[in-house]
Amino acid sequence: MTYWRLFLFTLLATISIARAQEAAQPSVNGGESLNKPAMAKHAPPACSDPKPDCAMTIYPAFDKKGLLWVAYSVGKTLYVASSQDQAKTFSVPTTIITLSDGIIDAHGDARPKIIPLNDNSLLVSYTTRPDKMMIGTIFTAKSSDNGKKFSTPQPMLTSGGQRFDSYVVTPKGRIFAGWLDKTHAAQAKAEGKEFAGSGVAFAWSDDGGMTFKGKNILMDHACECCRMSAALGRDGLPVFAWRQIFEGEIRDHYAAKLSANGVKLIGGRVSNDDWAINSCPHQGPALAVDTKGAWHIAWFTKGKNRQGLFYAFSRDEGKTFSTPEKIGDDAHAPAFATLLATKKGLYRAWKEFDGAQTVIPIQKSNDGGKSWSAPEILASTTEASDHPILVSSKGDVFLSWGTHKEGYRLIPLRLAKK
Amino acid sequence: MPRSCSFLYTLSLTLLSLILLSGTGLSLEFKPYGRGDFDQVAQLRENRPRIIHYWSVTCPACIAELGQWTKFINEHRDIDIIFINTDDDEDRERAAARLEKNGLSRATHYGFSDSFVEKLYYEVDKSWRGELPFTVLISTNGPRVNVTGALDDPHFVAWLNQLNGVKK
């Protein structure tokens, strides 16, 4: 009899809890009419091998000897590989780490990076997002044996939450790092206060990336979902660009040079696009500094004053910027610009999509960004693709681009004109 | 122990286990969303207004307003509301946890299952590059409205006012 009572009690309890849970959820309309079986299941990524062809994002960098290095992740594993023949073949990849908890931030604007250093060593960085947390942690690892082995990855910071790191190496070998940092946002939340975006934080390393000093948030309220970009200034100091949240939720852009002592940002607002929006554009700016020291910036906006992809330059270190110039064909949603300055000139490339095909148009300027050659299509694909990145080695310019259908490509630039 | 008692004892323990296991709420299913699917998702049912809301776990603005969507659903039962998570599979569990935490388990959810995201964006709006939150508002009372921004965006509020105005 006791068992029957226990059974009945349990049965009733089960029913009541199930009903209570159902009642706690809002009843939502809209699902019943959708005939999902009519929709096709879509294929998973083409491959899961540990090679650049299978990565969603790839970051390229040439070392002094002209060897191409790439950092990329496939699943929860981060790899580095090198190529002596401009990405036709790659070395057996070196595994940096396989995560047991969380994911490697390698999607859209976010990606692991590799930085070849002046002493032929290599620095790798990546950001993890643990399963139960929204914020990330930046890790770095070092190799001094030509990428055969990497040191155990070390966190840049152990609290606060970071994302979107970028690096600049000076001719003297100092590595400057910049990233978006949620420390102040977390403090504000704990105090029940509102806080828009992330802080913009910096640090530097004089031991080849083994340790970083001077970690400091120098500005608050950067848009937390767009990448930062960095470039080396002519005076050996790093320049950074990011999307900033100005008064009134306006998500326009800011560029600044880090002072020699690493405690001050000197720069200014790139343009007044007036994009007042409480949203994540998921698209940060591109930055390059040319041989004369001029700053070049490309960015995306849907502001009141302009909409689309734009470019401007500053010849007074961010005090003033040229009138924004529209890039690309608006009918094809131009996006994700990349800039590169070499001794031969200034280059800008970006992505366009016409509904069927994605193309990468490229232009060159020989007068510091005042005028540009006609756009030429450097590559195309009809499937998913990574953001384009322009990279140079010994004066040659290449487009680095991973596409789902064609795999990873390093395409040398041979412009018809100029 | 008699056999019938043993059976009831086991059954009771099983049910108790089920109670404990079900403590996290109802399971959440993301239907796959890929190229060509937008037109079907955007079809009105019995001319009821429809909201299609695209969001991601990497979008703090999206996450911050999930709770407001719960409230919105309860206050607008005459509108069909569809949520589409734009993350890839790696982040789907995280997305499910966010929805469950905000009481949105029973809503209709889709998840991007196609990595050709440019095409998915283009099918919705030729000028959309993936900025979020992004919401599509459809009714028989006027043209389709695409809104980049949060629930309190003026375009969203205007669409809702127009909807309510026509009904009055």
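Buried means under 20% relative accessible area, exposed over 50%, and partly exposed in between, with a 1.4 Å probe and protein chains only. This is a predicted model: local features need pLDDT of at least 70, side-chain atom pairs count only at pLDDT 80 or more, and totals for chains, interfaces and linings use all residues. Residues are numbered from 1 along each chain as its sequence is written, chains are lettered from A and ligands numbered from 1 in the order in which they are written, and side-chain values use heavy atoms, without hydrogens and water.

Q: Why is A:Phe398 called buried?
A: Its relative accessibility is 4%. The limit is under 20%, so A:Phe398 counts as buried.

Q: What makes the pair of A:Phe62 and A:Phe398 tilted?
A: Rings of Phe, Tyr and Trp (its six-membered ring) pair if their centres lie within 6.5 Å; planes under 30 degrees apart are stacked, over 60 edge-to-face, the rest tilted. Here the centres are 5.3 Å apart and the planes at 40°, so the pair is tilted.

Q: Why is the pair of B:Tyr33 and B:Tyr54 called edge-to-face?
A: The ring centres are 6.0 Å apart. The planes stand at 80°, so the pair is edge-to-face.

Q: How do you know that B:Tyr33 is buried?
A: B:Tyr33 has 0% relative accessibility, so it counts as buried. B:Tyr54 is also buried, with a relative accessible area of 0%.

Q: Which aromatic cluster includes B:Tyr33 and B:Tyr54?
A: Its members include B:Tyr110, B:Phe112 and B:Trp128.
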